[in-house]
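Dear colleague,

I am handing over the structure below for your attention.

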Amino acid sequence: MKPGLKVGLIGGGTMGSTHAEAYRVLDNAELVAVADLVPERAQAIAARTGATVRSATEIIADPSIDVIDVCVPTYLHRDFVVAAADAGKHVFCEKPMARSLKEAEEMKAACDKAGVRLGIGHVVRFFPEYIRAYNKVHSGVVGKVAVVRCTRGGFALPTAWKDWYANYEYSGGLVLDMIIHDFDYLRWLLGPVERVFAKGTRGRDYNRLEYALVSLKFKSGAIAHVEGSWVNSGGFHTRFEIAGEKGLIDYDSRKANPITLTVNKAGGAPGVPVPASAWAESPYTTEIRNFINVLDGKEGQIVDGNEGYESLKVALAALESIETGKPVNL
Amino acid sequence: MKVGMISFAHLHAESYASALKALPGVEFVGIYDEDNNRGKEWAEKLSVMHFEKLEDLLKTDIEAVIICSTNADHCRYTVAAAEAGKHVLVEKPIATNFADAHKMIETCKKQNVKLQIAFPVRYLPSVLETKRIVESGQLGRILAIKATNHGSMPGGWFTEKDKAGGGAVIDHTVHVVDIIRWMLGLEFKEIYAEYDRLIHNIETEDCGLLTMELTNNVFATLDTSWNRPSAYPTWGDVTMTIIGTNGVLELDGFSQKFDIYNNDVKKAQWEYFGGDMDYLLVKDFLEACKNNTPVKVTGEDGLKTLEVALAAYESGKRHQPVAIEEIRN
């Protein structure tokens, strides 16, 4: 058994599996238990990590566990985070923080009352290209920022447990689930948002093709545009362009692939080129490392409950604007 | 066919002049410019006549004029040329206000001369191919459009409100709005805009972002910002992402380019090698004049794009979406 903090993971889907890998790498935390409603998924993670498969209730009640990592669908975040805080556990919770501001407030209050740390998984703040760009902007490379454009997506609507991403009441769609990453990054880069105006396919003729365009005005004066797409345009990609008084930063993940692999299928049929990523460390690991090191007193926290709450506010404002056709002031 | 040019205030004049010089069967007669020295210099450079008075140019047997004045002067030059019986190709935007635009359209109609607005992007081969693909139905029904028409800050009268009618918003709204109307057969219903002077020390806004509601339940955004720094490898862009029920098309209109790295320049440069849209525009306009066929881009088309730009300015004042119908008259 490794020294350090004992972690229980609730939810073994895509993000839960990814977080489980991070704990394998860290030397000051250990994943000791995993819970999932689908036993095979929990068993697969347990087999890879040495964790024990248990129920969520058992994990939260176990006094030997220090940290609960919550990777369940968005609409269930509040229940698990509050229960974990009430049991005196530190909590790391996937983004978006919650489905509503009220739920997020309850989560913050529970953690404050219990005196435990809450971290929210806004992992984009840990991606090297986004960190580099942030540092370049703050070292004055573009001067005062004027207009920022962000893009995220380009793949069909994700399918998951009970198709919860497709259920607006559960997930909030791509604005709340995915481009909240960009809202969070933009808030980090530019400070508070003044006004949001947005349009999306939801409420029109949605049919599982979700696409949204969001216009943001920041208190700094900067203007931003965020594109989110769950429509297939060749696969997941991200872009950002940061234009300022004296310079411009331009990033397109499709142009920053170190490896493009094309393998012919059986019979010599041409295959589909698939970009492979090449990280020294997964940003998901860096994100978890930060939270664990915060608990160890080694690092300052990058995304706490308040940060998660403020980014949630922007995403919910965009959803409100899509629904009402009016701008929303923050 | 004999052709004259009125004013070299707009940067595009040079490229239209080259087209006139290059087109077979076209005689570029001469230039009038309200700035006498500028007119003289260009006339010498292009080996054409220089006219110190507008009426002297309009008295000649030219059949058509190309007007590249400030936006505010479009109306008076168009009206003068039309009343002299000359066909008119006028730089965009058609005018800086509705009254001028209506006067231009009505005068040309009354004088039975052609009026075309210079929207060269319609002639860009990649744009024509995009139109063909959209019309083939491959994308299915169109749901949304994301567009940009970025540029560098042009300076001069472009940044004076009384001469240009505004800044980056009026300058760079009209091209893409025209393309969307023409390519997709959609009309613009409601405009929301964020714009501001954020980069340059000028009178007008230099950044703009429009969010728009169109017919057929389609929505779109358009970034009009003059935010390409001087270190940028080119002047700007025209891009469109078209989201359909059956596919997505991404157009980057000036992506037919190669990169140049040269020690004397100290910055990367993009060399565009795609079709010359200005040449194709001038050629098409003069053919319409010669054959007496309808022009491709009418005064009404110009007016529709001006409506969107003026609605954007109104929205920016109110911080609310503005219906085109509301500002139309």
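Before the details, please note the conventions. This is a predicted model, in which local features need pLDDT of at least 70 and side-chain atom pairs count only at pLDDT 80 or more, while totals for chains, interfaces and linings use all residues. Residues are numbered from 1 along each chain as its sequence is written, chains are lettered from A and ligands numbered from 1 in the order in which they are written, and side-chain values use heavy atoms, with hydrogens and water left out.

The interface of the two chains

Chain B brings 40 residues to the contact and chain A brings 36, contact meaning heavy atoms within 4.5 Å. The size of an interface is often given as the accessible area lost when the parts come together. Here chain B and chain A bury about 3,200 Å² between them, with 60% of it on carbon and sulfur atoms; buried area is the accessible area (1.4 Å probe) that two parts lose on being put together, summed over both. On the chain B side, B:Lys146, B:Leu198 and B:Phe219 supply 19% of the area buried against chain A, more than any other three residues.

Eight salt bridges are counted between chain B and chain A, a salt bridge being a side-chain nitrogen of Lys or Arg within 4 Å of a carboxyl oxygen of Asp or Glu. A:Arg254 and B:Glu250 meet through their side chains in a salt bridge, at 3.2 Å from N to O.

The elements of chain B that give two or more residues to the side touching chain A are strand 7 (142-148), strand 8 (188-196), strand 9 (207-214), strand 10 (219-223), strand 11 (239-244) and strand 12 (247-252). Helices (H or I, at least four residues) and strands (E, at least two) are DSSP runs, numbered from the N terminus. Strand 7 of chain B gives the largest share of that side, six residues. By class, the side of chain B that touches chain A has 19 nonpolar, twelve polar and nine charged residues; Ala, Val, Leu, Ile, Met, Phe, Trp, Tyr, Cys and Pro count as nonpolar, Asp, Glu, Lys and Arg as charged, and the others, Gly among them, as polar.

One residue of this interface deserves a separate paragraph. B:Lys146 lies in strand 7 of chain B and is buried, with a relative accessible area of 10% (buried means under 20%, exposed over 50%, partly exposed in between, with a 1.4 Å probe and protein chains only). The side chain of B:Lys146 makes a polar contact with the side chain of A:Glu227 at 2.8 Å. Leaving aside residues up to four places away in sequence, B:Lys146 touches residues of chain A, including A:Arg149, A:Tyr211 and A:His225, and residues of chain B, including B:Thr221 and B:Met240.

The domains of chain A

Chain A is assigned domain 1 (5-121) and domain 2 (124-279 + 303-329); domain bounds come from an automatic or database domain assignment. The centres of these two domains, taken over C-alpha atoms, are 25 Å apart. Each domain of chain A gives 20 residues to the contact. The area buried between them is about 1,800 Å², of which carbon and sulfur atoms give 65%. A:Tyr75, A:Arg99 and A:Leu101 supply 33% of what domain 1 of chain A buries there, more than any other three residues. The rule finds one salt bridge across this interface, and A:Asp177 and A:Lys95 meet in a salt bridge at 3.9 Å, N to O.

The domains of chain B

Chain B is divided into domain 1 (2-113) and domain 2 (122-275 + 306-327), with 26 Å between their centres over C-alpha atoms. Here 15 residues of domain 1 are in contact with 15 residues of domain 2. About 1,200 Å² is buried between the two domains of chain B, 72% of it from carbon and sulfur atoms. B:Lys92 forms a salt bridge with B:Asp171, the closest N and O atoms being 2.9 Å apart.

Yours sincerely

Technical notes: A polar contact is a pair of N or O atoms within 3.5 Å; within protein, one must be able to donate a hydrogen and the other to accept it, and residues adjacent in sequence count only if both atoms are side-chain atoms.
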